[in-house]
Amino acid sequence: MADSPKINVFGSKPTNAIIIPELPLSVRNNCQSGRWTIGDQEYGSKVAMTILKFSKFFGSLGQTTNTLWGQIWFVAEAGDLPQGVVLVTYIKGRSLSDFNRKVTEVMARGIEPAEGYFVPEFVKHSGSKPDETGVAKPINYYSLKWDWYERGAKFPSTNDPVLKQLDASADKAIERLSHVAVALNDENTQSRLLDLEGTKYMACLDHLPPAEIVRLMALQNNSNGNNNDMLLPANGKGNQLEPAIIL
């Protein structure tokens with residue numbers, strides 16, 4: 001029997017590996033719907049992830065201007081998001097504060113947080129917002145509450161579908177982490193952890209001294225919110241992501 005014809009256009013993911021796309025695959029944590037979304041496609045409200053890299057930015061994204069952001073590069077380990085591929089998302093406000101809380105708690109235990117699973121879940125809040133006439137209207141919105149679990153942890157009695165997935169794959173947890181580490185040790189793949197589109201109106205705060213961060217934020221807040229005039233740090237590293245791999 002003749003072999004099936006072969007075609008090679010985009011390639012495919014090798015066995016026991018992860019994909020780092022040439023163009024970043026951006027995931028939005030939608031604070032209005034409480035769902036993870038890529039484009040118009042929704043992927044549920046909970047995910048377990050391995051974080052590859054975290055960076056701090058200040059600037060504007062979408063309709064949110066002059067704000068502190070956390071940029072997270074991650075691989076989904078459980079949940080509905082695509083697995084085996086590196087994704088990027090941005091968090092701010094309550095979601096960023098709670099992420100910082102959880103990272104600090106884990107570090108205080110003498111553990112590198114990136115060695116485990118981060119499991120963010122949307123929680124609902126109520127508030128008010130002026131409409132076009134200036135009248136305050138009640139609104140609901142969501143933020144991310146972050147949990148963390150040791151890699152390989154078992155959840156034999158859980159009814160949570162995400163934790164069930166982690167439980168089912170616990171025996172391969174360390175092997176999957178090694179796939180991530182191998183990819184990140186390649187300089188070519190490290191260079192792909194760069195999202196020029198998402199950060200085009202942002203300045204990277206990584207490795208900047210506190211005084212420089214305060215200066216940058218003050219200048220931008222006084223620049224009338226013009227996204228096209230994003231003020232970069234004095235050292236000129238505004239949108240550059242220096243390698244800061246934490247695995």
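Strands S7 and S8 form a hairpin with five residues between them, and glycine 134 in the turn has a positive phi of about 90°. The model is predicted, and local features need pLDDT of at least 70, side-chain atom pairs count only at pLDDT 80 or more, while totals for chains, interfaces and linings use all residues. Residues are numbered from 1 along each chain as its sequence is written, and side-chain values use heavy atoms, with hydrogens and water left out.

**The hairpin**
- Strand S7 (residues 117-130) runs antiparallel to strand S8 (residues 136-149), and 14 bridges join them; strands here are DSSP runs of E with at least two residues, numbered from the N terminus.
- Lysine 129 has lysine 137 in S8 as its bridge partner.

**The three-stranded sheet**
- An open sheet has the strand order S1-S2-S3 with antiparallel pairing, where two strands pair if DSSP finds at least two bridges between them.
- Strand S1 (28-30) and strand S3 (41-42) each have a single partner strand, so one side of each is left without a neighbour in the sheet.
- Three bridges connect S1 with strand S2 (residues 35-38), and asparagine 30 stands opposite arginine 35 in S2.

**Valine 85**
- Valine 85 lies in the loop between strand S5 (64-79) and strand S6 (86-91), and this residue is buried, with a relative accessible area of 9% (buried means under 20% relative accessible area, with a 1.4 Å probe and protein chains only).
- Not counting residues up to four places away in sequence, valine 85 touches Ile19, Pro21, Leu25, Phe74 and Val75, where contact means heavy atoms within 4.5 Å.
- Valine 85 and isoleucine 19 are 66 residues apart in sequence, yet 4.5 Å apart in space, C-alpha to C-alpha.

Key: Helix = DSSP H or I, 4+ residues; strand = E, 2+ residues; numbered from the N terminus. Buried < 20%, exposed > 50% of the residue type's maximum accessible area, 1.4 Å probe, protein only.
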